[in-house]
Amino acid sequence: MRDNSSATPSRRTVVPQPQASGVWLGLVGVAAFSFTVPFTKVAVASLSPLFIGSGRAVVAAVLAAFALALTRQRLPRGTQWARLAVVAAGVVIGFPLLTSFALTATPASHGAVVIALLPAATATAAVLRGRERPPLAFWLITTVGALAALVFASMQPEGFGQLHWADLLLLGAVGAAAVGYAEGGLLARELGAWQTVSWALILASPLMLALTAVSVAQQPPSAGPAQWAAFAYLGVVSMFLGFFAWYRGLAIGPIASVSQIQLIQPVLTLCWAALLLGETLAWSTIVGGLAVILCAGAAVRVRLKPAAAPPAPDAPQSAPHPDQDLQPVKD
């Protein structure tokens with residue numbers, strides 16, 4: 001296929017093979033996000049869930065506004081605003097608010113159980129939205145990994161029990177984040193990684209500011225140093241800096257592969273819950289954690305296998321793979 005063919009995008013940077021740097025950046029993002037549930041649990045001890053869910057977005061939006069202004073980023077155009085609205089609805093509004101309310105009634109370890117479903121949900125959203133077609137082996141390992149994560153977390157003292165309203169909120173949070181992650185990973189290829197989350201924060205800021213004002217009017221925030229420190233982490237890292245690495249990793253892609261790194265997140269979350277909140281860390285945590293990590297590594301390895309040898313010069317050349325067709329334009 002010639003570069004000036006109508007089937008070839010006019011603006012692209014071709015990468016011969018998917019880059020492992022996407023996986024490492026995804027791991028950095030997951031490490032940052034793994035503190036979100038424990039620190040939310042710390043914060044809700046004194047602060048209202050509405051204030052936590054909306055206020056952290058306002059803090060991150062202020063940082064995003066400064067970053068965008070200082071670097072003089074161009075405004076998104078056309079349908080990019082609609083796609084940013086999807087990202088904002090999922091990761092700026094939906095996930096923070098739903099998890100904040102859910103964690104008022106359930107321990108951090110229980111939250112990690114349901115959130116363990118997020119990698120599989122993100123991979124599904126990526127396939128539907130990004131037209132990625134992983135091989136059958138990838139889906140088999142992904143299924144095993146998701147089941148391993150669920151079994152691992154379910155074996156904890158505060159694992160799955162009877163479904164109640166907090167579980168429904170957590171499931172809603174998983175669905176919202178999966179859609180936001182998948183759309184954000186694709187949009188980061190056009191706008192850049194940190195620019196995507198920054199514009200999403202700006203777009204959602206009027207609503208989140210209004211919700212913060214309502215929460216302050218209903219219950220003026222009053223908390224100790226630990227609660228305020230946890231809230232600061234949620235606003236600065238969980239809502240802003242963590243997405244720098246996460247969306248950059250998804251942009252490098254493939255999204256379906258990088259998303260599987262999140263199978264490690266429940267392992268890390270339960271470790272932090274044990275260290276920071278004193279929740280029990282049983283032998284099953286070690287065994288289950290190893291199973292989850294091995295499955296995540298196997299899934300990434302299958303998806304990032306080198307491509308087949310190029311065809312002979314006289315053979316017709318096939319269309320580029322969806323994962324290789326559009327790559328990040330800028331950081």
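How much accessible surface does the protein have, and what share of it belongs to carbon and sulfur atoms? About 14,600 Å², with 68% belonging to carbon and sulfur; those areas come from the Shrake-Rupley method with a 1.4 Å probe, and for residues only the protein chains shown count as cover.

Quick housekeeping. What you see is a predicted model, where local features need pLDDT of at least 70 and side-chain atom pairs count only at pLDDT 80 or more, while totals for chains, interfaces and linings use all residues. Residues are numbered from 1 along each chain as its sequence is written, and side-chain values use heavy atoms, with hydrogens and water left out.

Okay, the fold. We've got 14 helices and zero strands, taken as DSSP runs numbered from the N terminus (H or I, at least four residues, for helices; E, at least two, for strands). Of the 331 residues, 52% are buried, meaning under 20% relative accessible area with a 1.4 Å probe, protein chains only. And if you take contacts (heavy atoms within 4.5 Å) with a separation of 6 or more, 92% of them join residues 24 or more positions apart.

Now the inside. The largest nonpolar core has 54 residues; by nonpolar core I mean buried Ala, Val, Leu, Ile, Met, Phe, Trp, Tyr and Cys residues joined through side-chain atoms within 4.5 Å. V92, Y181, L201, F243, W246 and Y247 touch the most other members. Helix α8 gives the most to this core, 10 residues. Have a look at Y181: leaving out residues up to four places away in sequence, its contacts include F33, V91, L118, F243, W246 and Y247. Apart from that core lies another, of 13 residues, with V42, V44, L47 and L234 among them.

Let's zoom in on T99, in helix α4. T99 counts as buried because its relative accessibility is 2%. Beyond its neighbours within four places, T99 contacts T40, I115, L170 and A173.

Next, F39, which sits in helix α2, residues 36-43. F39 is buried too, at 17% relative accessible area. Setting aside residues up to four places away, F39 touches A230, Y233, L234 and L276.

Last stop, helix α12, residues 265-277. Buried residues here include Q265, P266, V267 and L270. Just after α12, G278 takes a positive phi of about 75°.

Methods. Buried < 20%, exposed > 50% of the residue type's maximum accessible area, 1.4 Å probe, protein only. Expected span 1.5 Å × (residues − 1).
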